[in-house]
Amino acid sequence: MFLHLGKNLVIPIKEVIAIIDAELAEKSEDTKNFLKVAREEGFIYDLAEKGIKSYIITEKIERDKANSSEIRKSVIYSSNISATTLLKRAGFIDNIEEN
């Protein structure tokens with residue numbers, strides 16, 4: 001299955017590590033620092049031009065063609081779609097209402 005993150009971008013659900021509510025992320029110093037470093041190092045792909053509502057942490061495993069070793073690529077997407085909506089779309093939660 002795939003998960004639509006916004007701006008015509010879909011990713012395989014198996015690549016999703018975590019879906020984080022942006023408002024809650026701002027309340028945690030550790031999470032704020034993690035996202036700051038990730039942004040500085042170019043790991044965040046901004047889908048939300050403004051009004052970030054969620055962060056989606058992903059990891060893709062690819063094979064190196066030269067020696068068949070595993071290469072792990074991590075990407076964090078910012079989205080203007082709420083974490084609850086993304087979790088519903090992914091099928092991780094059912095029968096929940098947003099406030």
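Predicted model: local features only at pLDDT ≥ 70, side-chain atom pairs only at ≥ 80, totals over all residues.
Reader: What makes a stretch a helix or a strand?
Author: Both are DSSP runs, numbered from the N terminus: H or I over at least four residues gives a helix, and E over at least two gives a strand. The protein chain has three helices and six strands. Along the sequence they follow the pattern β-β-β-α-α-β-β-β-α.

Reader: How do you know that strand 4 and strand 6 pair?
Author: Two strands pair if DSSP finds at least two bridges between them. Three bridges join strand 4 to strand 6 (residues 70–79), therefore they pair. These two strands run parallel.

Reader: What about strand 5 and strand 6?
Author: 10 bridges join strand 5 to strand 6, so this pair passes too. These two run antiparallel. Threonine 58 has valine 75 in strand 6 as its bridge partner. Their hairpin has six residues between the strands, and there serine 68 takes a positive phi near 60 degrees.

Reader: Why are strand 3 and strand 4 called edge strands?
Author: The open sheet has four strands in the order 3-5-6-4, with mixed pairing. Strand 3 (16–21) and strand 4 (44–46) each pair on one side only. Neighbouring strands are turned by 25 degrees against each other on average, direction ignored. Axes here are lines fitted to C-alpha atoms, for helices over the stretch in contact, and angles run from 0 to 180 degrees between N-to-C directions.

Reader: Which strands does helix 2 touch?
Author: Helix 2 (residues 29–40) packs on the sheet and touches strand 4, strand 5 (54–63) and strand 6. Contact means heavy atoms within 4.5 Å. The direction of helix 2 makes about 80 degrees with that of strand 4. Helix 3 (residues 83–90) also packs on the sheet, touching strand 3 and strand 5. Its direction makes about 150 degrees with that of strand 3.

Reader: Why is serine 78 called buried?
Author: Buried means under 20% relative accessible area, exposed over 50%, and partly exposed in between (1.4 Å probe, protein chains only). Serine 78 has 0% relative accessibility, so it counts as buried. Leaving aside neighbours within four places in sequence, its contacts include Tyr45, Leu47 and Ile52.

Reader: Why is lysine 65 called exposed?
Author: Lysine 65 has a relative accessible area of 83%, and the cut-off is over 50%, so it is exposed. Lysine 65 is in the loop between strand 5 and strand 6.

Reader: Why is the pair of tyrosine 45 and tyrosine 77 called edge-to-face?
Author: Rings of Phe, Tyr and Trp (its six-membered ring) pair if their centres lie within 6.5 Å; planes under 30 degrees apart count as stacked, over 60 as edge-to-face and the rest as tilted. The structure holds one aromatic pair. Tyrosine 45 and tyrosine 77 are 5.7 Å apart centre to centre, with 80 degrees between the planes, so the pair is edge-to-face. Tyrosine 45 is in strand 4 and tyrosine 77 in strand 6, 32 residues apart. Tyrosine 45, at 46% relative accessibility, counts as partly exposed. Tyrosine 77, with a relative accessible area of 12%, is buried.

Reader: What makes a set of residues a nonpolar core?
Author: The members are buried Ala, Val, Leu, Ile, Met, Phe, Trp, Tyr and Cys residues, joined through side-chain atoms within 4.5 Å. The largest core has 13 residues, and Leu3, Ile11 and Leu86 are among those touching the most other members. Helix 3 gives the largest share of this core, three residues. A second, separate core of eight residues includes Leu35 and Ile44.

Note on methods:
Residues numbered from 1 in each chain as written. Heavy atoms only, no water.
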